Structures are given as C-alpha cells and as structure tokens.
Amino acid sequence: MDLASFFADIDAQPWADLQHAYGSAADVPDCLRALAGESEEAASEAISELYGSILHQGSVYEATARAVPYLARLAGAGYRTEDLLVLLGGIAEGGADDGDSDEAACRAAVVGQLPLLLTTVDAEEPGLRRAAVWAAAMTGAAEQVLPVLHLRRKTETDPLVRAELLGAMAHLDPSGTADAATAAIGADEPGEVRIVALLACVDGGLPWGPAHHAAMLSLLPVNDLVEGRLDLERNEPLQYVVEELLRRDTDADRDAAYTLLDGALRGADSEARAEALWAAETACLLSRSAPERLAGAVEAMVADPADAPAAYSLLAKLGVRAAAAAPVLARLAAGEGDPADRALEALVAVAPDRAAPLLARDLGRRPRALGAACGFLFGGAAGASFTYDLELLDAIRTRLAEVGGPGADEVVRLVNLLGAWGSRASAALPELSAVLPLCPGAVPKALVAICPPEHRGTTAELLTAAARTGPEGRLAAAAAVRELTGETGPLRAAVAARLTPGGPAVREAASLAAGLGPEAVALVPALRSALSDRAGDRNIPQMDADVEIAAALWRITGDPEEAVPVLAGVLAEVQPMWLRWTFGRAARAAARIGGAARPLVPALEGLLTEPMQIPSAVLALHAIAPETLDGPRTAGLLLDAAEQDADAETALEALVVLGPDSLTEDGRRRLIALAERDLRVRASGLEPGIAPADERLREQAREAARTLAKP
C-alpha cells in the first residue's frame, strides 16, 4: 500500500466541514494515520476514538460514510483487519437501506466494500472469517451475500465461524434459514452452533416445540456459548428466546416460554439458574401473567438458602405471589449486615406483614429495606402504603429522635412512611415536628396527614413560623397551614415571595396561587412580573413556569386576555422532543380555559402529529372547539398513543371524554385488548414501578371499556 498517496488522498477530504458525534470531524485523519502506524497502543486508541466519534453508540454521521473507503483500504492492506471489518459491520448495522440520510449513505458505503468482505469470508484466520461474515450480513445485501455464505458453510469446520455463518444467514433470510437452523439444533453439532440455531429458529418464526425445549435446557448455561459472537443483541440467549416467544403474544408461545423458564429455574446448575432468573425478570417486565406463571418455581429458587440471594430481584417482582419464599427470606433477614438488609428488601415485597417487625428491630441499619418500604408509596398500587405496624412506628419515632441519627435522605423516607399512615401515626407528632427544620419540604405534608384535631392549633403555629423564614420549604409549610386551618394569609405571602422572575420555585408558587382562585387577586402583579422574556431564549423550566402562571391568571381573574397569549407563546416554540411534556401542560391549561382559548386551536391541532402530545391536545380541542374533532379518527389517534405507551393514561381519559359514539367496533376491540392482553402496555420507567403502573393502566382501560360500552 502506498501510504504517501493514501494519506494525501485523506488530506484532500474536507474533514473539518464534516460532522460526527462530537462536531467537526477534523480529528478523523489522525485516527486513520494511527491505524497505519507502528504503535500498537496508538492504533488501539484510534479504534476506540472512531467508535466514539463516527459510530457513537450505534449512530452514524456524514463523516462516517466518508471514512468507510479508507477504513476498508486499511483493512485490505492488513492494518488491523479484523478490528476494521467489525467496525465496518457496525457502520452498516447503524445504516439504513434507502433515502438520502446519513444512515443510508453509510449503509451504501459499506455495501460498496462487499468485494473485500466477501473475499475475506475465505481468509485463513478464523477471526477474519467471522468478522467478514458478520460485516457482510450487516449490509443487508442478501442477494450478493447469501450465496457466498451458503458456499462457505459447506466447508467451514471452525465452530465459532459456523455459528457466525448460521446467524448471518438467519439475519439476511430468517424464514429461509429455518430448515437449516432446525437441522442444526441436534447434539451432533457443537454447542456454539446449536445455540445460534435455536435463536435462528425463533427469528424464523418456527413454533417452539419439544426438541427446541430439550436442546435449550441441555445447553444451559448458554451465555458462554455466544461470548465470542459479534451479535450483541442475542448475547443472552435464554432471555432472548423467552422475550421473543412472549412478544408473539399467543397462548402456545406463552406456554412454551414459561415451561422453558420453569425447567431452567429448577435446574441443578447455579449458572444456568442465574441465566434463568434474569430471563424471568425480563418476563415480569414484559408479560402481565409472568408473576402468576412463575410462582410455581419459587420454592425451587430458594430451596437452598445459600442460593436465595441470587433470586431476590425476581422475588421482589413476583411480590405476594412469591409468598412461599417468605420463611426463607425471614430467616435470612434476621441476620446481620448487608446480607440481612438485602433479604429484608425482598421480604418487604413478598410478605410486608412479616417484614415490618424485622425492619423495626434494626431500622437504622436497613437502608435497602427502608427504601423498598417507601417504594410502596411511589411504585405500588394507587393509594397504597407499607404495612402499618406499631413496633415499626415506635422504631421510627426513636430513630427520628436520635442525636446525630438519620441524615436528610433517611428522614424523608421515614417522614413519608408516617404521612402515608395518616392518623394512625399521630403519636409521632412531637418527633415529626422536631425534624421540620431538617426537611422543610417533606415534613409539612406529613404533619397535616397525622395531626389529630386537638393539636391543629399548635401545629399550625409551628408551620406558620416555618412559612415566614427562609426560602426552603416556605411554600410547603404555608400550603400545610391552609390545609389545616383554612387560613390563606401565610400562603399568599409565601407565594408572593417566591414569584421572582427566573426563580427556582416560580412554577410551584404559580400553581399554589391558582389553587387560591379569586382570593389571590393581589398576587396578579407578581404573577405578571414573573413571566419570562418571550423575546429571549427560554429554557424548559421557564416555559413550564409560564404555563402555570397563565393557568393562575385565568383561575384568579377569569380573563383569558392575558393567559391565552402566554400559552400561545409556549405552543409556538420549536418542537424538539424534549418539549413534549411542556406542550402537554400548555394544552391542559388551555382546556381549563375552554372556548375563550379558541385562538389556540391551530397550534393545538399541530400537536396531533406527535403521539405523546395527542392525548392532551385532544382534551384541549374537545373543551375549546369540539366541532373540530372527527370522533372515530380522533379515537384512533388516542388508541395509537395508548398502545405506544405515549401518555396512555391521558389517552384513555380523552377517549372517555369523546364518548361511546367515537368508537368503531375495531376501536372497542383495541380498547378491550389494552385491558386484557398479556403484553404490558407500560414498558418504560424505573423497573420497580413498571408492573404496578401497568396494572393501574389496565384497570383504567377496563373502566374506560365499561364506560364506553354500547347500551
């Protein structure tokens, strides 16, 4: 290779004008030079930098396509060939097959290097063959690539290359590879090939039968069998098979998935059970029937207490359906240190009645279990709270009173528990009052919840004093005074103090002002002055605050002349994805104004193109100009949003508002499916909250279906 000519060609490209993940691609030539240099360390660093810049987390850019021919020339000349073939495959994988986008240009650029890739499929080194097979498959050029792969497979003897060949064929032609995959699951093939064959059978849509079941169980643990593969999407085969079977959403495939999991969870090999536990956790996040279907294997999971810790995370997801594990968890939770805390954390979910006394006995040294107990407030069923226990109440009181005891984070958790218990925790009023200065934002609400009638006066005096001092917690304390006594003076004063233009609490203060209604008329000048400068660059918190101010002005004055232009200014902003929640809030505020917000109709109609914005926009349009909505079409959009988990709760609310005449028979079927299907609708968010949130959504869908049913 004539490096001088090669480098001159590189230097002739306008790299500084091209873009990659970090902006200008002016650094790409140095990386290409390092790849051809003598320093192994510099070449390795260059590969790493290219993965970070031109193939950043799977994304490609305009500079990526320009770099492909140079990467291929280096690979063909023997410079870091295997590494560069894998990089080219990754670029092709991140590309697209058509259009004029950067992705399409990148895919086309790698397709242009197929002569190099297909020639290397017959290289002497197995590693080169594997890299070339994978990279060629990622181009998606089945007509050119498949004949070469089929021919190579007839003579290939290396197990890893054979596995890569079968996986590549399945990627390019899933259904056409099904017969070859079925023939390769038998015991006469190496494990590396058999596991890829099982994955190919799933990808090819084949029914999962007894032979597949037996082969998978015989191969467990299987993760090591794919450790050397370049296909990262299928690097946990048992989890992948279970997920794909569940996504088919048929009774037969669900039965196959759970029969497979049950067998794997009951296996004798600890590594195999660990893989099964992870696959079972995935099932719980994906399938509504998972907790019930997996409960039968619980006793097997914890038959040996030494193995129980590996199952804690799954047991927590199974919740009360894992009650059979409670005795083992209780014994482990009665121990010392972090191991006992982890066991108690699981017991909180499985058997909260048994967990509460154990938590009480060593409250200060059980942070995980305390966090799980507080999780009932945020991830559990609506209105749920952790089990009330007198011994635990006494322990919380003692803990709050300890000198140098709990830190602020722990106090917040303890306070939230007390508040959730309400009047049953009234004995803790002295301790809760004492920690008000430590957590002024969280304590006022809890004080209101637990305060008995005979102590409302003294508690209100305490909170009134807190509402007058310092910025932290003033609003919370003043709002609590109003709830306890009905007195609004402290709240009006606190709100006025926090309506500082650009201040951190403007949104909260405006929301509280709105709650006061006409009684807050004296706050109108302060609300006006707190509006952001619409002529300048506003950030999202400022726009959110403006929405709340507009809502407050309307609620207080009843005059839309000020509120509507503010909302119009927010809705007129450019619509990047991160503004969708702000637009939703603006639409909600417009809905409360009703017909007087008619000037906002065009902007609200513009929101109907984005699933996350559709539900709130429909509610607003229905309140402002219902004649603009076509009922069946609008219901279809709302069902689309709900099925995509795009503000699904609001979508169901809007469906009910539209009424039964808006639903076609297909719409009714889709609504019932949202409630009764096995696949979860809610699939995003923090793991502990996914299943409970989905159950709440399921009940909402059922109620919506009942409400909208034809007489």
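Q: Is R670 buried or exposed in this model?
A: The model is a predicted one. R670 counts as buried because its relative accessibility is 15%, and the cut-off for buried is under 20%.

Q: Which residue does the side chain of R670 meet in a salt bridge?
A: The partner is E643, with an N to O distance of 2.8 Å.

Q: What about the exposure of E643?
A: E643 is partly exposed, at a relative accessible area of 29%.

Q: How many salt bridges are there in total?
A: The count comes to 51.

Q: Where does E410 find its partner?
A: The side chain of E410 meets that of R399, at 2.8 Å from N to O. This pair links distant parts of the chain, with E410 in helix α25 (residues 408-421) and R399 in helix α24 (residues 390-401), 11 residues apart.

Q: Are E410 and R399 buried or exposed?
A: Both E410 and R399 are buried.

Q: And D11, which residue does it pair with?
A: D11 forms a salt bridge with R33, at 2.7 Å from N to O. D11 belongs to helix α1 (residues 3-11) and R33 to helix α2 (residues 28-35), so that the pair links distant parts of the chain, 22 residues apart. D11 is partly exposed, with a relative accessible area of 45%, and R33 is also partly exposed, at 28%.

Q: Which residues are linked in a network of salt bridges?
A: One such network links E164, D203, R229, D231, E233 and R234.

Q: Changing topic: which residues of α39 are buried?
A: In helix α39, which spans residues 648-658, the buried residues are A648, T650, A651, L652, A654, L655 and L658.

Q: What follows α39?
A: G659 follows α39, and its phi is positive, near 95 degrees.

Q: Which residues line the largest cavity?
A: The lining consists of R288, A642, A648, L652, L674, V681, L697, R698 and A701. A648 and L652 are also among the buried residues of α39.

Q: Which helix gives the most to that lining?
A: α41 gives the most, with 3 residues. α39 and α41 each supply at least two residues of the lining.

Q: How do the lining residues divide by type?
A: The lining of the largest cavity has 7 nonpolar residues, no polar ones and 2 charged ones.

Q: Finally, how many helices and strands does the chain have?
A: The chain has 41 helices and 4 strands. Of its 711 residues, 51% count as buried.

Q: What about overall dimensions and surface?
A: Taken along the principal axes, the C-alpha atoms fill a box of roughly 90 × 65 × 65 Å. The chain exposes about 30600 Å², of which carbon and sulfur atoms supply 52%.

How values were computed: Residues numbered from 1 in each chain as written. Predicted model: local features only at pLDDT ≥ 70, side-chain atom pairs only at ≥ 80, totals over all residues. Heavy atoms only, no water. Buried < 20%, exposed > 50% of the residue type's maximum accessible area, 1.4 Å probe, protein only. Salt bridge = Lys/Arg side-chain N within 4 Å of Asp/Glu carboxyl O. 1 Å grid on protein atoms, 1.4 Å probe; cavity = no way out; pocket = protein on both sides within 12 Å on 5 of 7 lines; lining within 4 Å. Nonpolar A, V, L, I, M, F, W, Y, C, P; charged D, E, K, R; others polar. Areas by Shrake-Rupley, 256 points an atom, 1.4 Å probe, with all protein chains shown as cover.
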